[in-house]
Amino acid sequence: MSEQEIQVLLQQILEGQKQLMEEMKGIHRRLERLESKKYPSQIPDKWLEQQEQEAIDLWKRVLTKVKGRISEPSFIAWFQETKAIQIEQDTIIVYSPNHIARDWLDTFYTSLVEDIFFSLSSPVQKVHFVTSEKSDSLPDQHIVPTPVEIPPLTRISEAEQIWAKVCSIIQERISRPSFETWVKPTEARGIHEKKLYISCPNDFARDWLSSRYASLVEECLDTLEIDVQTVEFVCEHSINVIEKPVL
């Protein structure tokens with residue numbers, strides 16, 4: 001084969017490669033158009049909407065069962081304003097309207113909700129309550145309470161009897177939902193220097209009772225004509241009892 005024939009052959013090969021490249025580019029463009037039709041850009045949003053709807057549907061089923069297992073006032077107080085946000089792996093994220101509701105639900109109803117998940121044979125096994133409808137991460141960061149020091153308490157049995165009487169009076173003076181929500185879950189811890197110590201299930205319940213019910217409790221104590229005159233609400237998990245010094 002002469003040198004001229006070789007050059008002609010190489011030129012043909014180059015032209016064939018250029019033609020092949022153009023054909024491949026055309027095929028690539030057609031594939032892109034097909035992909036854009038099959039998987040439009042709105043798909044991620046639709047997927048998120050589908051996930052949110054699954055969470056909403058599951059939470060509706062849970063609420064139906066919860067309603068049959070707790071009192072109506074408790075359901076209205078704690079569950080009525082909740083809203084499912086999304087499902088992350090085996091956990092459903094549920095919005096609650098404020099920090100008090102979130103902590104109360106965490107403390108008293110998490111196990112109930114998770115039992116219901118089990119009864120529904122749901123792949124969701126856990127619930128996480130948040131106070132923002134935008135859940136960016138799991139879990140919420142709760143502030144660790146600073147331990148509150150209280151003196152050694154005595155007269156525990158007497159304190160329980162006094163608190164039972166006070167609760168009976170309060171029950172007649174406030175609404176049933178308020179009583180069941182705030183007063184009923186409390187317990188008498190004891191007495192120290194004419195002060196009645198009452199434990200609350202969490203910090204928010206303690207703050208709520210201290211700001212809204214302390215004066216009412218002290219009015220009730222006054223009507224009982226006993227030496228106990230004041231009340232202090234404390235959170236069970238943040239109590240640090242001061243030990244009596246050894247003499």
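Q: Buried means under 20% relative accessible area, exposed over 50% and partly exposed in between, with a 1.4 Å probe and protein chains only; is Glu-193 buried or exposed?
A: This is a predicted model, in which local features need pLDDT of at least 70, side-chain atom pairs count only at pLDDT 80 or more, and totals for chains, interfaces and linings use all residues. Residues are numbered from 1 along each chain as its sequence is written, and side-chain values use heavy atoms, with hydrogens and water left out. The relative accessible area of Glu-193 is 67%.

Q: How many helices and strands does the secondary structure of the chain come to?
A: Elements are DSSP runs numbered from the N terminus: helices are H or I runs of at least four residues, and strands are E runs of at least two. By that count the chain has nine helices and eight strands.

Q: Among contacts in the chain between residues at least 6 apart in sequence, what share joins residues at least 24 apart?
A: Contact means heavy atoms within 4.5 Å. Of the chain's 247 residues, 35% count as buried. For contacts between residues at least 6 apart in sequence, the share joining residues at least 24 apart is 74%.

Q: How are α4 and α8 oriented to each other?
A: Two packed helices are described by the angle between their axes and the distance between the axes. Axes are lines fitted to C-alpha atoms, for helices over the stretch in contact, with angles from 0 to 180 degrees between N-to-C directions. The axes of α4 (residues 99–108) and α8 (residues 203–212) come within 8 Å and cross at roughly 130°. Angles under 35 degrees count as roughly parallel, over 145 as roughly antiparallel, 65 to 115 as roughly perpendicular and the rest as oblique, so the two helices are oblique.

Q: Which residues of α8 make the contact with α4?
A: On the α4 side the contact uses His-99, Ile-100, Asp-103 and Trp-104. By class, the contact has five nonpolar, one polar and one charged residues, where Ala, Val, Leu, Ile, Met, Phe, Trp, Tyr, Cys and Pro are nonpolar, Asp, Glu, Lys and Arg are charged, and the others, Gly among them, are polar. On the α8 side the residues are Phe-204, Ala-205 and Trp-208.

Q: How far apart in space are Phe-204 and Asp-103, C-alpha to C-alpha?
A: Phe-204 is partly exposed, at 25% relative accessible area. Leaving aside neighbours within four places in sequence, Phe-204 touches His-99, Ile-100 and Asp-103. Phe-204 and Asp-103 are 101 residues apart in sequence, yet their C-alpha distance is 7.6 Å.

Q: Are the rings of Trp-78 and Trp-104 stacked or edge-to-face?
A: Rings of Phe, Tyr and Trp (its six-membered ring) pair if their centres lie within 6.5 Å; planes under 30 degrees apart count as stacked, over 60 as edge-to-face and the rest as tilted. Trp-78 in α3 (residues 72–78) and Trp-104 in α4 are 26 residues apart, and they are buried at 5% and 3% relative accessibility. Their centres are 4.9 Å apart with planes at 10°, so the pair is stacked.

Q: Which parts does the pair of Trp-59 and Phe-129 tie together?
A: The structure holds ten aromatic pairs. The residues are 70 apart in sequence, so the pair ties together helix α2 (residues 43–67) and strand β3 (residues 126–130).

Q: What distance from the ring centre of Trp-208 does Arg-212 have?
A: A charge sits over a ring if NZ of Lys or CZ of Arg is within 6 Å of the ring centre and within 35 degrees of the ring normal. Arg-212 lies over the face of Trp-208, and its distance from the ring centre is 3.7 Å.

Q: What covers the buried residues of α7?
A: In α7 (residues 176–183), the buried residues are Phe-179, Glu-180, Thr-181, Trp-182 and Val-183. Their cover includes α3, α4, α6 and α8.

Q: What is the phi of Arg-155?
A: Arg-155 lies in the loop between β4 (148–150) and α6 and is partly exposed at 32% relative accessible area. Although Arg-155 is not a glycine, its phi is positive, at about 55°.
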